[in-house]
Amino acid sequence: MRRPATGAVAAAVTAALALGGAVAATAAPSADRRAQPQARVWVTTVDRSELLHERAPVTFREGTSAEPTIVVDPRRSYQSMDGFGASLTDSSAEVLYRLSPADRDEVMRSLFDPARGIGVSFLRQPIGSSDFTAADEHYTYDDVPAGQTDFGLRSFSIAHDEARILPLLRQARRLNPKLTIMATPWSMPAWMKTGGTLAGGRLADDPAVYRAYARYLVRFVQAYAAAGVPIDYLSVQNEPQNRAPSGYPGTDLPVRQQARVIEALGPLLRAASPRTKILGYDHNWATHPGDIASTPPGEDPETDYPYQLLSGPAARWIAGTAFHCYYGDPSAQTALHDAYPDKGIWFTECSGSHGPDDPPAKFFRETLVWHARTLAIGTTRNWAKSVVNWNLALDATGGPHLGGCDTCTGLVTVGADGTATTNAEYYTIGHLSKFVRPGAVRIASTSFGTVGWNGQLTDVAFRNPDGSTALVVHNENDDPRSFAVAVGDRIIDYTLPGGALATFTWPAHPALRSDLREIPLTGATVVADPAGENPAAAVDADASTRWSSGQAQAPGQYLQVDLGATRTFRRVAIDSGGNLGDYPRGWQLSASDDGTTWRTLATGTGVAQLTNVDLPRTTARHLRITSTAAAGNWWSIADLRLYT
């Protein structure tokens with residue numbers, strides 16, 4: 001889309017997003033108690049034929065579906081959400097200021113306005129320079145000539161940010177008053193470091209330096225607040241194990257040094273800015289092999305960095321841990337949450353990127369599908385309270401940047417001719433930020449896909465503060481996939497194109513309520529005959545894993561569960577998962593108090609992936625699902641659920 005510079009951005013962005021039409025109205029309407037409940041649907045496809053395009057609504061109906069069924073359970077809740085977004089880096093500010101004021105305003109609306117745009121609700125701001133800076137040299141807010149120090153912070157100034165960064169941040173806050181802002185330094189001033197350089201080195205191991213650095217960070221928070229940009233979260237070092245940054249600011253900050261900084265910072269920050277919370281670590285899900293290899297001889301590579309940080313005395317000042325995407329996978333977030341459930345998890349950086357010769361269609365598709373399953377859904381299903389990409393906007397060369405990544409992409413690309421293009425990250429963030437409001441709570445939903453790609457449907461669900469629900473679904477498969485969404489005793493039916501990402505929203509409605517509560521099966525054990533594949537997967541509360549018989553169906557095959565204690569229940573859900581046709585062709589559900597004497601509760605003919613067996617109030621410790629029919633294919637149970 002090539003147009004003259006004046007007005008080009010408004011035209012290009014509006015065309016890409018249909019801002020004046022389908023995307024503009026997002027609030028879930030109040031439910032008409034007399035009408036059948038409906039879900040609104042927005043879809044983005046890998047071929048860009050639909051970009052956050054609102055399709056016709058779908059009506060919840062009574063009955064069941066033969067397709068894999070996503071069961072949304074508002075009664076089971078997890079973490080609250082702060083928001084979704086990116087970073088308004090120095091480079092982003094530079095390219096946005098290349099636009100005319102009118103065009104820049106239109107791009108900002110498309111990013112931050114919850115009604116006319118995608119409502120970006122979380123920004124992670126560099127404190128000083130990062131690799132994405134448009135300046136000729138890297139900088140901090142207290143640079144002094146080599147060989148000098150400034151323990152009194154007399155040279156401290158945020159003047160660099162006053163020309164472009166702060167005006168844009170203030171505009172973003174006006175467009176979205178619920179915007180959350182986190183701040184992170186790539187380096188402390190060089191005079192505080194060994195080697196006296198911003199790129200590499202360590203913080204000098206001196207109590208006076210720890211105190212000076214803590215004061216420096218507090219001065220930044222105060223200066224930004226005075227400039228109209230209050231800081232909600234603060235980490236003390238970006239990627240503290242990246243010991244050899246490629247031509248851009250970075251600091252090797254071992255656990256003991258980060259802890260000492262936080263112990264100095266915590267009391268100062270509590271007094272100066274109580275709203276500002278400290279996040280620890282701010283690095284990858286797992287320690288990168290290159291970071292391990294660069295560990296100084298004789299030192300611990302600290303592959304358990306966040307665990308060490310949260311187990312020490314500095315933990316009293318830490319609200320939680322921040323993660324990046326460049327090594328490992330999101331399951332690391334759940335492992336840390338399980339170890340420290342009183343500490344939050346935030347996901348704070350990942351950049352879209354592409355090969356140097358990739359055509360735009362290729363990297364749009366590949367970024368969309370990877371970010372959809374790994375970030376939009378993978379991080380949030382693993383306790384993340386935020387999903388944050390890297391640059392908000394870059395130019396057509398992936399810059400400007402000074403060192404670092406030369407194949408990164410932003411949410412928006414600003415061309416040399418004044419046109420703006422929305423990238424895949426705009427939509428993966430937008431499918432969350434436009435519909436999941438700050439303060440929303442993630443709720444339970446069955447999901448069949450994995451971050452490692454298994455060709456299934458993967459999803460995540462949220463309950464907004466107004467009681468409405470947002471469900472984000474991604475079809476990992478290259479082919480279309482049909483499925484159902486069940487809420488209470490109503491369902492909707494849908495088909496998504498291969499690779500597509502969709503958001504479904506619906507208001508609270510009496511017809512979608514249920515008085516059933518799921519019973520956790522913690523401690524349950526399983527045996528099966530035939531043993532087949534992974535019997536324990538049937539009770540792991542993860543529909544992306546499954547027990548399969550491993551052989552053709554035959555009468556007498558069974559899966560048997562010891563619930564670990566006597567349970568009282570009214571419904572047993574037998575979920576065969578996402579592989580169509582994996583259900584038993586005939587089944588019998590039996591119960592026992594001692595695992596020896598059995599009584600039959602129900603029998604039936606299998607017709608669907610999900611079978612809900614409703615019973616009178618039943619008490620038992622053991623359950624058995626037995627095959628009662630023959631078929632040439634295997635049968636599976638991905639998730640066995642009990643409700644009371």
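Predicted model: local features only at pLDDT ≥ 70, side-chain atom pairs only at ≥ 80, totals over all residues.
Angles under 35 degrees count as roughly parallel, over 145 as roughly antiparallel, 65 to 115 as roughly perpendicular and the rest as oblique. Residues are numbered from 1 along each chain as its sequence is written, and side-chain values use heavy atoms, without hydrogens and water.

**α6 and α7**
- Helix α6 (residues 207–226) and helix α7 (residues 255–272) have axes that come within 9 Å and cross at roughly 45° (axes are lines fitted to C-alpha atoms, for helices over the stretch in contact, and angles run from 0 to 180 degrees between N-to-C directions; helices are DSSP runs of H or I, at least four residues, numbered from the N terminus).
- The two helices α6 and α7 are therefore oblique to each other.
- Their crossing is right-handed (the near helix is turned clockwise from the far one by less than a right angle).
- On α6 the contact (heavy atoms within 4.5 Å) involves residues including Y210, Y213, L217 and V221, and on α7 residues including R260, V261, L265 and L268.
- By class, this contact of α6 with α7 has 13 nonpolar, two polar and three charged residues (Ala, Val, Leu, Ile, Met, Phe, Trp, Tyr, Cys and Pro are nonpolar, Asp, Glu, Lys and Arg charged, and the others, Gly among them, polar).

**α3 and α5**
- The axes of helix α3 (residues 101–112) and helix α5 (residues 165–175) cross at roughly 50° and come within 10 Å.
- α3 and α5 are therefore oblique to each other, and the crossing is right-handed.
- R104, D105, M108, R109 and F112 of α3 meet L168, Q171, A172 and L175 of α5.
- Five nonpolar, one polar and three charged residues make up the contact of α3 with α5.
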